[in-house]
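Here are a few notes to go with the model you asked me to look over. Have the viewer open while you read.

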Amino acid sequence: MINLILNQDTNRKFNLTETDFKQVEKRFKRVYDINDIEPEFFEDDENIVDFLLNKYSVPTILQSLKYIILLSEFKHEYAIKIKYQAHYEMLLDMKINSNLYSKASYFQIDKFVDDKYLKFLGGGISFSKFRHYLLLTFLIKELPLRYTTLTNIHYKYHSFIEGSDCLEHSVYLVNKNSKFIMYFNKFDKNKNKIQIKYKLQNEKVRMLLVNYFALYANNLNYVFTTSGGRKCTESNMANSLSNFCRQHFRLPMSLTEIREDWLKLPQPKIKTDIIRNF
């Protein structure tokens, strides 16, 4: 049957291979815990596409949409095909012509964070969505750190921890009775180690972190992890941020753009020193 699906005229444009097709099908079956896939499964296109945007990179999403379109066409479910064709064309155009699209603004994201705060704090949010929102709130309200720093924030949660206990790694987040302090370690031009101590100021970030470590985190060595407890990679973080912004604003926003906009605003010297080094 796969050969018949892939021999349709539509696939001349998509060029989806048998390996691609099987890989996407296997992914859908694993993620949704189903044995057989029919086009009717994809009727709720908004929820399906939102899920894909929240979880995967753009190339993976495009492959998934190709699969749905080809399967729907083969099964004569043309209404479903048309809906996903529209999603595919929009996402493909945003990928190819990204320079023509307006970016989500810093202030637009800041307003979104404020508007959605109580919803995310109220519970009933999946691990991935909560982590994405926490990441975005931290970047906007506190420190838009580089991915190399974000993925290596070591977490400590004993009240007796001091700066002298946080020297081995470049960055730490210390939870002292639900108050959070960060320690940043760097070497100056004379190779002397310098430590910067910064207490998180934003109450929304503080409360989100309290909830995150109380309800979601399953690896208390690092701040940002996968749902399985593994430390996030830089690509994990980049995909999370890009897809979360695209999902909620229908517009992309990169960490570089957030950092650039953040530096244009009045900031305390300690924060700008941290951002320029980390």
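1. Among contacts in the protein chain between residues at least 6 apart in sequence, what percentage join residues at least 24 apart? The answer is 62%, with contact meaning heavy atoms within 4.5 Å.

2. Some ground rules. This is a predicted model, where local features need pLDDT of at least 70 and side-chain atom pairs count only at pLDDT 80 or more, while totals for chains, interfaces and linings use all residues. Residues are numbered from 1 along each chain as its sequence is written, and side-chain values use heavy atoms, leaving out hydrogens and water.

3. Overall, the C-alpha trace of the protein chain spans about 65 × 40 × 40 Å along its principal axes. Of its 278 residues, 49% count as buried (under 20% relative accessible area; exposed is over 50%, partly exposed in between; 1.4 Å probe, protein chains only).

4. Take a look at helices α8 (residues 127-141) and α12 (residues 255-263): they pack at about 30°, axes 10 Å apart. Axes are lines fitted to C-alpha atoms over the stretch in contact, with angles from 0 to 180 degrees between N-to-C directions. Helices are DSSP runs (H or I, at least four residues), numbered from the N terminus. The pair is therefore roughly parallel (under 35 degrees). Leu 136, Leu 139 and Ile 140 of α8 meet Leu 255, Ile 258 and Trp 262 of α12.

5. On to the rings: Tyr 32 and Phe 41 form an edge-to-face aromatic pair, 4.9 Å centre to centre with 80° between the planes (Phe, Tyr and Trp rings, six-membered for Trp, pair with centres within 6.5 Å; edge-to-face is over 60 degrees). Tyr 32 is partly exposed at 25% relative accessibility, and Phe 41 is partly exposed at 30%.

Conventions
Helix = DSSP H or I, 4+ residues; strand = E, 2+ residues; numbered from the N terminus. Parallel < 35°, antiparallel > 145°, perpendicular 65-115°, else oblique. Phe/Tyr/Trp six-rings, centres within 6.5 Å; stacked < 30°, edge-to-face > 60°.
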